[in-house]
Amino acid sequence: MKRKPKSLIQQFQFRLFVLGLLLICASVAAIAFDGVHQRDKLVFEADRNIEFIGKSLVRDIERALDYGIPITQLAGVNPFMEDALRSYPRIKYLSLLSSNGHRLFSTGPEPVGSEAFAQEAAYKHFRDVLPTDVDGQRVAVLPVLLEGETVAGGLLIGSDIGLRGSASAGSFLAFTTVLIISLFTLVEVLVLVVGTRLVNSVRTCQKMMGTISVGDFRQRLGPQPQSQMGEFVRALNAVVDRVNEHYKKMQIQVDLVKDGAGDEAQILRKRLGAHISQLLNRVHFAEAENSIMPRERALSDFRAPIFLFAFVEAMSAPIFPQFVITRSDPIVGIDVYLLIGLPVSLFFLCLFVATPVAAYLSNRVRQKPILLAGALGAAVGFIGVSISDLYIDLLIWRCISAISYAFVITSFQSTIERMCSSDYWIKTLAFSLIVTVIGAGCGVVVGGMIAERLAYSDVFLVAAGVALIGGLTITLFMENLAPRSHPDVPVPGLWSRLRLLGNVRFLAAVAFGALPAKFVLSGVLLFIVPLFLSDLGVTPAVIGIIMVFYFAVVAAGTPLFHWLADKASLSMMAVFVGALVTCSGFLVLYQWHDVTAILIAICGLGVGHAMSVAPLLSLIPEVCEKEMETLGPSTVITTYRTLENMGGIAGPLAAAALVNHFGFPHAIAVMGLIVLGSALLLSFLFMVIGTSRSSDTTTLA
Amino acid sequence: MRLSTSFVCAVIAGWVLAGTTPARADVSSSETMLQSQFAAANSYWSISKVALIVDQTTDDSSEIITALRALVRAEGWSLIETALPMNSEGNLNQLQLTKTMSDLAKQNPQWLYLGVGQLIDEQRSFIASEAVKHGLPIVAAQDRSVREGHALISVKERVLANGRQDGRSVIINMDVASQLKLFPPLLMMRDAELISRFHGPRQ
């Protein structure tokens, strides 16, 4: 049996990944080797962590000073410091110093020799003083400023010297994460560049050779740039042109013979006619001008822009709730958690509203303008968020970002629909969305690191820059796909889409499957997790690294669980087990309120979504069998995906109310139970009424 | 911009009207509120003696007075009760109030409790300023006394939720704290709403 040749792009991607992995392994080995021999260099990371914690303590003290309390008359300093030692076990000693370096208040075992260090630091006004090892503690000092200018004193922090080991491990983890993210980013960009510049041309030539091999010379290839590939295409076109030229010459000769008179000419005409018809049965020539063979396109061409947009959108996730706090003054009568949750909720509301508009435009306007408008809108939105001082401005700019994101994602979905056959496009869509998950995973890590090294607002500026790079990529590499043109099949309007809600099974799948999934995504992952981790004293970079576990688990688990569920025809079971895993993870966090428990809860959420989201999406064609025929698969799926955003709207608001009333662990537990309850209801409903209308008739029979 | 502002206002109004955030503490029916107020006051400055000034123009305060007596008894504190002095027309006798405050100050209570009542509502600012003049910090039943008057602290329902104070938060007048040289503890300041006309965090 003849083996099917491997796809060129698959071979290329495989080799690219192998090369990237080798590079990563080599880099990680080099860092590990360097780390073993030069651990002291990595102490920098530990110092950064202590500085971050110290700054939050200094902020509390400075706030009191700004209200006119003299530093010597601060009340409750010792309980404040004891609370800090309890909250951050790595800190062993705290001392509040006067502007001349004298100790005013202190807690913990004082390192012998710290007094001299404090005096020296006071001489430098507590600025630019490098941390040092004193009596078995790492001692650092931070200035305490009055009204942001005058040095009122200093805060001396002594931390565990054994922290170096964990700092080394932390730095190693951070380096490795950055390297892996670099690999993903590099691969996506390379796939785009090589795909559009080389692989697509090769695939087009391959297709052309295929048509020539069966004797079809009616098409020729389009113009190519000056390169080896261009030379090859020109040579191939020349061969096709020569063959057609010879055919035309032969036709002229035949016409001359046809015009001849006499018996001999008649016999010759008959024989020639038989030969020509025999030839034309096997070989096809161009009658007039050769038509141009359409250029091959691959879904991989669209991966890089989508990757970049998911990347920029996720960059702010680890710090967004904290950033909102810095932009919102307390409003009397309004819960602060509601103020934090409102922009997250508003983001999903804008997605909910903008997605149908974007879908309408995708069917009527070329693809490139939509994507470019999305890129520019995202960049403008991020710059606006970065420079916004007022809460209301923040909300407005966030809406612009959300609308832009809706345009990009919807345009991408529309492209998949146009490029895939109707039988496979839903599965392709489910798996293509993994690119967005990988992009988002890379984004949270990079965003967290930027926030820690620079500032919260800088994350949005960098995101704006990456969005502009995404726009540039679209301009340079992507073809301007024409809008979908099906003159016979009108695009269903809003009313037709609303008819879907009459299908109880569809309604149940949305209400008890899709909505709860988005509900916990926005409420737990984007709202509670960053706030809870920040409350535990975790730095933004580590928040990003913890959050990436969700994206990694979803990216790795979705194909695996979908394949398993598909093989065993247990999609509904996968949805239920997914909810059970999510809820179990949340209950672990309810029991143990620490970083490890949060990590377990996040991984549980990832496994839960990997098990339930794609199988549920694959169930939709079965659930909406009739609507798929009347409205088309695109309308059904777009409506499903639009409606699921309602879960995203409710998530942060519900989480805000729950956290306000019960605190983080209880809120997470309640949300987990909501997910489990919904899955139970969905399973029960589908068990009773079946997943398709045909099961109604079966039941009746 | 106007549309967005309206939207945010509508969402906020919806939240408030939904009853999740009571706009004002329902003082007359809330014993737990009184307990929260004195828990905050005790964290601020340890209590052994409390003074109470009673508005006799209204019966609204009777419930609070009963609750306060019970609380003081339970905690082992002592309570000094005194009536708000009135003239023959039923208005506040301002001269007499100065003397009342002076007498109260001589007994060294840690806190003076300013309850509710018509006269207190009308003369809130004057009563509180007289107390401050005599070095008496006021813990007020209504947060308006902190915002508009000279009361030092009060507790309000869920204005700033932090999950640690049962949905209530402390409100402190920092100008009064400076005047009395009685500054709040740092941990309390972290979660409290701080009111000041002269100071504040840098922008």
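How many of the 701 residues of chain A count as buried? The answer is 45%, where buried takes 20 or more other C-beta atoms within 10 Å of a residue's own, exposed takes 12 or fewer, partly exposed falls in between, and the C-beta atoms are placed from the backbone.

Okay, some housekeeping. What we have here is a predicted model, so to speak: local features need pLDDT of at least 70, side-chain atom pairs count only at pLDDT 80 or more, and totals for chains, interfaces and linings use all residues. Residues are numbered from 1 along each chain as its sequence is written, while chains are lettered from A and ligands numbered from 1 in the order in which they are written.

Let's go through the two chains. Chain A has 23 helices and seven strands; those are DSSP runs, H or I with at least four residues for helices and E with at least two for strands, numbered from the N terminus. Chain B has eight helices and seven strands, and 38% of its 203 residues are buried. Now take contacts, meaning C-beta atoms, placed from the backbone, that lie within 7 Å. Among contacts with a separation of 6 or more, residues 24 or more positions apart account for 78% in chain A and for 62% in chain B.

On to the cores. A nonpolar core is a set of buried Ala, Val, Leu, Ile, Met, Phe, Trp, Tyr and Cys residues joined through C-beta atoms within 7 Å. The largest one has 153 residues, and F311(A) and I528(A) touch the most other members. Helix α16 of chain A, residues 504–535, gives the most to this core, with 18 residues. A second, separate core has 85 residues, including L97(A) and L68(B).

Let's stay with L97(A) for a moment. L97(A) sits in strand β1 of chain A, residues 91–98, and counts as buried because it has 27 C-beta neighbours inside 10 Å. Leaving aside neighbours within four places in sequence, L97(A) is in contact with several residues, among them H102(A), A118(A) and L156(A).

Next, helix packing. Two packed helices are described by the angle between their axes and the distance between the axes. Axes here are lines fitted to C-alpha atoms, for helices over the stretch in contact, with angles from 0 to 180 degrees between N-to-C directions. In chain A, the axes of α9 (residues 320–327) and α10 (residues 336–362) come within 9 Å and cross at roughly 120°. That makes α9(A) oblique to α10(A): under 35 degrees is roughly parallel, over 145 roughly antiparallel, 65 to 115 roughly perpendicular, and the rest oblique. Residues that meet there include F320(A) and V324(A) in α9(A), and L339(A) and V344(A) in α10(A).

And how does α10(A) pack with α21(A), residues 633–662? The angle is about 175°, with the axes 8 Å apart, which makes α10(A) roughly antiparallel to α21(A).

Last stop: two loop residues. D128(A) has a positive phi of about 50° although it is not a glycine, and its place is the loop between α4 (114–123) and β3 (132–134) of chain A. D128(A) counts as exposed because it has 8 C-beta neighbours inside 10 Å. In chain B, K181(B) also isn't a glycine and has a positive phi of about 55°. K181(B) counts as exposed too, with 10 C-beta neighbours inside 10 Å.

Notes: Two residues are in contact if their C-beta atoms, placed from the backbone, lie within 7 Å.
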